[in-house]
Amino acid sequence: MSKTDSAPETPAAAATDGLGGAVGMEVNSPVDAPVGESEKKAFVGRSPGQLAWLRLKRDRTAAISAITLAVLVALALLAPVIGKLRGMTPTQPFTDKLNDFGMPLGYAGGMSGTHWLGLEPGNGRDILMQLVYGIRTSLLIAVAAAVVASTVGVLIGIAAGYARGWLDTAINWVIDLTLAFPFLIFALAIIPIVEDNFYGDREQIPPPFRVGLIIATFAMFSWTYTARLVRGQVIALREREFVEAARAAGAGTRHILFRQLLPNIWAPILVTLSLNVPAFITTEAALAFVGIGVIEPTPDLGRMIFNSIGFVASDPAYTFWPGITIFILVLAFNLLGDSLRDALDPKSSR
């Protein structure tokens, strides 16, 4: 017997893979153990929300839009602080800095170290203070109306999609009837009628009442789009296996609607909500041109543009500042909404 035959088998040499190949060194080697652990850590499961967040963080357009909106929202929220630091209010007139024709003294609409963006012609109010408070008003109306409209649309849409039968038919009929009404004409009719029922001709309408009325009018017409979207999503999901399993387990209708179906359709709802906000900002500004927007003395971007029409030739800066503010607000919201839609779409290539 040779020395090679008489050598005792080591545990590593004895282990085989069943096909004559030694695998003991790979299993028992302490050097290779950390590699296996790193491979396990590399394959970490992520939820759809985490994947969407990763896509969104990599999108530069979304990042720039989010930063822009964060700055504008911060200006709106800190409007009272800005007023205290500057020692003025949005309705404070500076008539001593206007000429005999009501135009601001100086260049570019009265821009100075005290009034950074100039003064409003005619009343002499500080444009910067009007802007920061106007952003606050526009965002309040747009976000509140979008939240109310989405909430109503989700509740009605999920009920219509799951109920079937006569209830689904009746809700569809109401949606079609609501969509048939032109919004602007209805707003021109309903807002003065409601105000006349609460206040007489000689009574001054409180600005918060007009703001609440505009929000309610927006929500009354805008819930239909969310309801139709949610209804279609629920119809596609109501026969899926997880819904049938919940029924077989004895789950009630409320549990199926809000614990099973609603979590699976939150992505399109969120996108619709984000795209409704800029639409409401522009629509609210448009209402000022027909005399049913936010009333004085509440600062408003749309009313600033409306008041500046007569001074476009003599003081273009008065039109420029509220116009560019609305443009930036709407563009940032639209770009963020598009990026959010791409991030939430699992088939997106972005």
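Analyst: The account below begins with the chain as a whole and then turns to one helix pair.

This is a predicted model, in which local features need pLDDT of at least 70 and side-chain atom pairs count only at pLDDT 80 or more, while totals for chains, interfaces and linings use all residues. Residues are numbered from 1 along each chain as its sequence is written, and side-chain values use heavy atoms, with hydrogens and water left out.

The chain holds 16 helices and zero strands; helices (H or I, at least four residues) and strands (E, at least two) are DSSP runs, numbered from the N terminus. Of its 350 residues, 39% are buried, where buried means under 20% relative accessible area, exposed over 50% and partly exposed in between, with a 1.4 Å probe and protein chains only. Among contacts with a separation of 6 or more, 71% join residues 24 or more positions apart, a contact being heavy atoms within 4.5 Å.

An unreviewed UniProt entry places the feature "transmembrane region" at several spans, including residues 211-230 and 265-295; UniProt positions are given in the numbering used here, feature names are shortened, and annotations may be inferred rather than shown by experiment. Residues 265-295 are 71% helix and 0% strand, with end C-alpha atoms 38 Å apart.

The pair in question is helix H11 (residues 207-237) and helix H14 (residues 266-287), which pack at an angle of about 150 degrees with their axes 11 Å apart. H11 is therefore roughly antiparallel to H14. Axes are lines fitted to C-alpha atoms, for helices over the stretch in contact, and angles run from 0 to 180 degrees between N-to-C directions; those under 35 degrees count as roughly parallel, over 145 as roughly antiparallel, 65 to 115 as roughly perpendicular and the rest as oblique. Residues making the contact include Phe-218, Ser-222 and Thr-226 of H11, together with Thr-272, Asn-276 and Phe-280 of H14.

Within H14, Asn-276 counts as buried because its relative accessibility is 14%. Apart from residues up to four places away in sequence, Asn-276 touches Ala-146, Ser-150 and Thr-226.

Val-277 also belongs to helix H14 and is buried, with a relative accessible area of 5%. Leaving aside neighbours within four places in sequence, Val-277 is in contact with Ala-142, Val-143, Ala-146 and Phe-333. Val-277 and Ala-142 are 135 residues apart along the chain, yet their C-alpha atoms are separated by 5.1 Å.
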